[in-house]
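Here is a structure to read by its definitions.

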Amino acid sequence: MSDLKKMYTTLLGDSFPEDLRITLGDQELVYKKRTWNIGGEVRGLRYGENPDQPAALYEQVGGGLVLDGVAFRGPGQGLVSALTEEHMLQAGKHPGKTNLTDVDNALNILQYLTARPAAVILKHNNPCGAAWTDLGVAEAVSRAFWADRIAAFGGAIVVNRPLTKEAAELINSFYFEVVAAPEFEPGVVDILKARKNLRILKIPGIAKLDELARAPFLDIKALFDGGLVLQTSFQSRIRSEADFLPATTEKDGVTYSARKPSAQEMQDLIFAWSIEAGVSSNSVIFVRDGVTTAIGTGEQDRVGCVDLTIAKARTKYADLLSFKEQNMSIFELMLAARSDAAKAEALADIRRRSDEARGGLPGSVLVSDGFFPFRDGVDLCLAQGVTAIAQPGGSMRDSEVIRAVNEATPQVAMVFTGQRSFKH
């Protein structure tokens, strides 16, 4: 193994203390460093964000926090931080920070998706594919994977129901680094262990996510100068159709109101807004029939985010055609097309069909984590065949945005969430 490759497998030591105490006024939170005995070696995290960053994971084991009469999550409610050797059904080696934070962000999303079987695939702490369906966990896994086959490679997949044999076989046919579930049906772990480098995590607390979702946690952000920003964690106010607000506003004495979404559109908007809780801002999410059709993350301007998400959707759509018809990724086909006339013809045809299908976006609903400051981003969405939009509302140009959806043929629905969902 080369010296460069060794840095990804070397277990980095850390000098962080075994105990951590945070005092907030007259209240104290007590934490204990999490370590695991894996292969006879007792250590904590392998490393942090990068291989040259020592890191430690702490679980809250004592104390509690109440602010303004609101009790925060506390001891005994740990999920990722409470993982023991017993929960690591296949560990391989001591986990790194990114493996666990991907799973953690999946749980952050799944806390709002307890109503039906759901699967979320995370890569670099952003969801790349997600689905929920009454057809079972295996179908949710399949739909989440095919929503973005490329980005799912080497990702973490987390489900909110016991993992079935059918779901396990699907997972084994793809390449994941981590799989987590509340429970595994008999024989499923043996199937998954055929993948020697797959981390298999049993997190029983996933079955109680709906209870955890009722209370916030203490969200601590570190500044470059060593300072700290403490905030109450984001909590989605959209848990049912009734939680959406009508998209209506008044401008110069004129009232502007948008069409109310249909029942199916409402369900997709609830699902999309739940996913939004785990996506880096600026972001937009397209969803159709309980499956993400495109996820835009971390862009500096909203219209740019929409534009890039549309372009990404067309690439992913073309990749699915290429994979199914040519047994290669769209990028492999592009390379082959340089020297093979038949491949070049196939590539041109796939690109044409992807453009004609608008990347599979028609019929989707869309959510935006922040309001639309101008109608330009909305107009781009409408051109893709979006049927309903949910966004926070509160822009000075809400009237222009509502006019945009009302001018569409057929008329597009819109509702306000009444809250922003930024994540930085």
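Buried means under 20% relative accessible area, exposed means over 50%, and partly exposed lies in between (1.4 Å probe, protein chains only). This is a predicted model, where local features need pLDDT of at least 70, side-chain atom pairs count only at pLDDT 80 or more, and totals for chains, interfaces and linings use all residues. Residues are numbered from 1 along each chain as its sequence is written, and side-chain values use heavy atoms, with hydrogens and water left out.

Q: Why does W146 count as partly exposed?
A: Its relative accessibility is 27%.

Q: What makes W146 and F174 an edge-to-face pair?
A: Rings of Phe, Tyr and Trp (its six-membered ring) pair if their centres lie within 6.5 Å; planes under 30 degrees apart count as stacked, over 60 as edge-to-face and the rest as tilted. Here the centres are 6.0 Å apart and the planes 85° apart. The pair therefore counts as edge-to-face.

Q: Why is F174 called buried?
A: The relative accessible area of F174 is 10%, so F174 is buried.

Q: Why are α12 and α13 called roughly parallel?
A: Axes are lines fitted to C-alpha atoms, for helices over the stretch in contact, and angles run from 0 to 180 degrees between N-to-C directions. The axes of α12 (residues 376-383) and α13 (residues 398-407) cross at roughly 15°. Angles under 35 degrees count as roughly parallel, over 145 as roughly antiparallel, 65 to 115 as roughly perpendicular and the rest as oblique. So α12 and α13 are roughly parallel.

Technical notes. Helix = DSSP H or I, 4+ residues; strand = E, 2+ residues; numbered from the N terminus.
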